[in-house]
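Welcome! Take a look at it first, and then we can walk through some of its parts together.

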Amino acid sequence: MEKAAASVKVLKSELSKVKDDVLVVGLFKGKLDLTPEIKREKEIYDTLSSYIKNNDFKAEKGEARSVYLNKNIKNILLIGLGEEDKFNFDVLSCVIADVSRRLRDNGSESFSILLESFVNGKFKEEEAVEKIVLSCLMGLYRFTEYKTKDKEKIKYIKNITVITNSGKNFEEEIKYASTVANAVNKTRDLVNTPPNIANPEYVAAYAKSIASKLNLKCTVFDEKQIEKMKMECFIAVAKGSANKPRLVVLEYQGAGKSQKPIAIVGKGVTFDSGGLNLKPYPYILNMKDDKAGAIAAIHIIAACALLKLPVNLIVITPLCENMPSSTSYRPDDVLKAYNGLTVEVRNTDAEGRLILADALSYAAELKPQAIIDIASLTGASLIALGYVGTPFLSTDEKLAEKMNEASKKSLEKIWEFPLWQEYEDNLKSDVADIKHISDDGDAGVIIGATFLKNFISDVPWLHIDIGTTAWSKVDKGVLTKGASGATIRLVMEFLRSYKL
């Protein structure tokens, strides 16, 4: 993560009074009209008009040209926004994030963004400011904690200013966007942290420290307590590792005591080797990201507390490693889950649904309004939606509808899959109540959720499978290589306007 996150502010000022390294100005393809604010500053207007006319700038999406001024504003960076009728928040977010990285890597320590050049009447200024701030802070993320060489050469953006002539106050939007971006980036930090450091005990201690700072109730159960709670599925997965499991329960009360909480359950496998069904190379690489659901859940409740959202939350994170050893659980084992169901193990590399079975049963016992689980559950999610979108499944239409609305506003793409009853037959066992995977491997995302549905009782439930989207292979838009911080923006958007 950046040594210190860039400071972001909104400045209501005339361009003639702005002092900065760079001013970022957006232009639409086929409509290279400069904004009224620029037109009022003759010297800037004449310089930019001449440059656009003589340098074949077409304003293709992402096209960037730097114009040297050497005045109060040293440079103006013209950014292409593409065709105006195709301009939306996705385009805005991607362009701003890419520009932020570009300016940082070119050595700028600060830059300003001319708000009116990025607003074309399709959306409110408040929404644009929120997306711009989020995109800047997420796009600038880097994980450099374990770099030792040339650290002094690493470049940083210190200040970002949104320039506007609006009379509106954008403090609320900046606070929300900065808090959510910080939650995303801290999630990335901890997911990126190597598994020899970020083991179950480390993550539990991290959650406890957050709870202490934010006055959240925090309960950490150790391996002996988990055994006494008869969470046999969870303990079985953990038994192969020298690092002992932890079950973390965080509670935030932002609404009245009479309001039932929403439970968020996050899968927290701090390293997944596959167990006795060992993952081959290269699929074993980056398996530190199998804790992404738990880490996201921890930072979601932290962000809600910081923003004082009027909602009650319980976050439950089962934390363990899945390792091969003489004490590992085996294919053909039969385990009893927290809710009493017996489960036949078919493959030890399908461990996530086992630890979630106990955690979801525990959550359902608390009788919340709804349960949302976040889990890097299946590789099948890659086949289903690729690297762009995240599949989800739900037992409640209203819950699914609200999450789809949150997806549109947060820009995190999701797609609902069905929970068809026909797939329940795939999990019938000859020796136990249920198998935890099917034998044919078909419909992996649906089968995974179908198994989990057995452990949520009658509580409205929504399952988010971040098996693919927890990790990014590219620096593109708000994504940076490594942990993505998936679901933070989505679930925060869901919670900020939650009414079931």
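**A first look around Ile314**

Ile314 touches Val249, Leu250, Glu251, Pro261, Ile262, Ala263, Ile264 and Leu366, leaving out residues up to four places away in sequence; contact here means heavy atoms within 4.5 Å. This is a predicted model, in which local features need pLDDT of at least 70, side-chain atom pairs count only at pLDDT 80 or more, and totals for chains, interfaces and linings use all residues. Residues are numbered from 1 along each chain as its sequence is written, and side-chain values use heavy atoms, with hydrogens and water left out.

**More on Ile314**

- Ile314 lies in strand β11 (residues 312-322); helices (H or I, at least four residues) and strands (E, at least two) are DSSP runs, numbered from the N terminus.
- With a relative accessibility of 10%, Ile314 counts as buried; buried means under 20% relative accessible area, exposed over 50%, and partly exposed in between (1.4 Å probe, protein chains only).
- Between the C-alpha atoms of Ile314 and Ala297 there are 9.6 Å, and the two residues are 17 residues apart along the chain.

**Where α3 meets α4**

- The axes of helix α3 (residues 89-105) and helix α4 (residues 125-139) come within 8 Å and cross at roughly 40 degrees.
- That makes α3 oblique to α4: angles under 35 degrees count as roughly parallel, over 145 as roughly antiparallel, 65 to 115 as roughly perpendicular and the rest as oblique.
- Axes are lines fitted to C-alpha atoms, for helices over the stretch in contact, and angles run from 0 to 180 degrees between N-to-C directions.
- On the α3 side, the contact residues include Phe89, Leu92 and Ile96, and on the α4 side they include Ala128, Ile132 and Ser135.
- Ser135, found in helix α4, counts as buried at 2% relative accessibility.
- Setting aside neighbours within four places in sequence, Ser135 is in contact with Ser93, Ile96, Ala97 and Val478.

**Where α4 meets α5**

- The axes of α4 and helix α5 (residues 171-192) also come within 8 Å, and they cross at roughly 25 degrees.
- That makes α4 roughly parallel to α5.
- Among the residues that meet here are Val129, Val133 and Leu137 in α4, and Ile174, Ala177 and Val184 in α5.

- Helix α10 is mostly covered, with 13 of its 14 residues buried.
- The 14 residues of helix α10 (residues 352-365) should span 20 Å at 1.5 Å a residue, and its end C-alpha atoms are 20 Å apart, which agrees; the expected span of a helix is 1.5 Å times one less than its number of residues.
- Helix α14 (residues 488-496) has eight of its nine residues buried, so it is largely enclosed by the rest of the structure.
- The buried residues of α14 include Leu490, Met492 and Phe494.

**Backbone details to look for**

- Most residues other than glycine have a negative phi, and most peptide bonds are trans.
- Lys367, which is not a glycine, has a positive phi of about 55 degrees; Lys367 lies in the loop between α10 and β14 (370-375) and is partly exposed, with a relative accessible area of 46%.
- Ala443 has a positive phi as well, near 50 degrees, and is placed in the loop between β17 (434-435) and α13 (444-452).
- A cis peptide bond joins Tyr281 and Pro282, with omega about 5 degrees; Pro282 lies in the loop between β10 (268-272) and α9 (292-307).
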